[in-house]
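This report examines a protein model, beginning with a single residue and widening to the whole chain.

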Amino acid sequence: SICPDDMIGKMAAMILPHIDPVKFKSSLIEEYKIEVPVYKWGNYNILRVSMQVYNHQSDLDCLASALEKLLDNT
């Protein structure tokens, strides 16, 4: 786990490596049909995930798989 369970809520942000956030977000949408905020904040590239009642574990699994594939190519 990346943090204690009591710190996990409906929203999380993660720091991405030095990538082009606009291109990365476009790849998530075009290749995987996943839309999440990806943006530059200071010197960091951030991806923000917000889980809601209409999301399922399979949605999170798809995001994790897409991130793994896309980040392996950077």
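Lysine 33 lies in the loop between helix H1 (21-32) and strand S2 (38-41). The model in which it is described is a predicted one. Lysine 33 follows H1 and has a positive phi, near 60°. Its side chain reaches the backbone oxygen of glutamate 30 at 3.4 Å. The C-alpha atoms of lysine 33 and leucine 70 are 13 Å apart in space, although 37 residues separate the two in sequence.

Isoleucine 34 is found in the loop between H1 and S2 as well. Is each of the residues in the table below buried or exposed? The cut-offs needed are these: buried means under 20% relative accessible area, and exposed means over 50%.

| Residue | Relative accessibility | Class |
|---|---|---|
| Lysine 33 | 70% | exposed |
| Isoleucine 34 | 13% | buried |
| Serine 27 | 15% | buried |

Lysine 33 is therefore classed as exposed, at 70%, whereas isoleucine 34 is classed as buried, at 13%. Leaving aside residues up to four places away in sequence, isoleucine 34 touches Leu28, Ile29, Cys62, Leu63 and Ala66. The C-alpha atoms of isoleucine 34 and aspartate 5 are separated by 25 Å, and the two residues are 29 apart along the chain.

### Helix H1

Helix H1 has 12 residues. From its first C-alpha to its last it reaches 16 Å, close to the 16 Å expected at 1.5 Å a residue. At the start of H1, a side-chain oxygen of aspartate 20 comes to within 3.0 Å of the backbone nitrogen of valine 22.

Which residues of H1 are buried? They are Pro21, Phe24, Ser27 and Leu28. Seen down the axis of H1, the buried residues fall within an arc of 120°, so they line one face of the helix. The face of H1 turned away from the buried side carries the exposed residues Val22, Lys23 and Glu30.

The buried residues of H1 pack against strand S1 (11-16), S2, strand S3 (44-50) and helix H2 (57-72). Serine 27, a residue of H1, touches Tyr32 and Leu70, not counting residues up to four places away in sequence.

### The nonpolar core

The largest nonpolar core has 13 residues, of which Phe24, Leu28, Val38 and Leu47 touch the most other members. H1, S3 and H2 are the elements that give two or more residues to this core. H2 gives the most, with 4 residues. Not counting residues up to four places away in sequence, the contacts of leucine 47 include Ala12, Met14, Phe24, Leu28, Val38 and Leu67.

### The protein as a whole

The protein has 2 helices and 3 strands, and from the N terminus on its elements run β-α-β-β-α. Its radius of gyration is 12 Å, close to the 11 Å that the globule rule gives for 74 residues, so the protein is as compact as a globular protein of that length. The C-alpha trace spans about 30 × 25 × 20 Å along its principal axes. Of the 74 residues, 23% are buried. Among contacts with a separation of 6 or more, 61% are between residues 24 or more positions apart.

Definitions and conventions:
Residues are numbered from 1 along each chain as its sequence is written. This is a predicted model: local features need pLDDT of at least 70, side-chain atom pairs count only at pLDDT 80 or more; totals for chains, interfaces and linings use all residues. Side-chain values use heavy atoms; hydrogens and water are left out. Buried means under 20% relative accessible area, exposed over 50%, partly exposed in between (1.4 Å probe, protein chains only). A polar contact is a pair of N or O atoms within 3.5 Å; within protein, one must be able to donate a hydrogen and the other to accept it, and residues adjacent in sequence count only if both atoms are side-chain atoms. The expected span of a helix is 1.5 Å times one less than its number of residues. The arc is that of the directions from the helix axis to the C-beta atoms. Contact means heavy atoms within 4.5 Å. A nonpolar core is a set of buried Ala, Val, Leu, Ile, Met, Phe, Trp, Tyr and Cys residues joined through side-chain atoms within 4.5 Å. The radius of gyration is taken over C-alpha atoms; the globule rule is 2.2 Å times the number of residues to the power 0.38.
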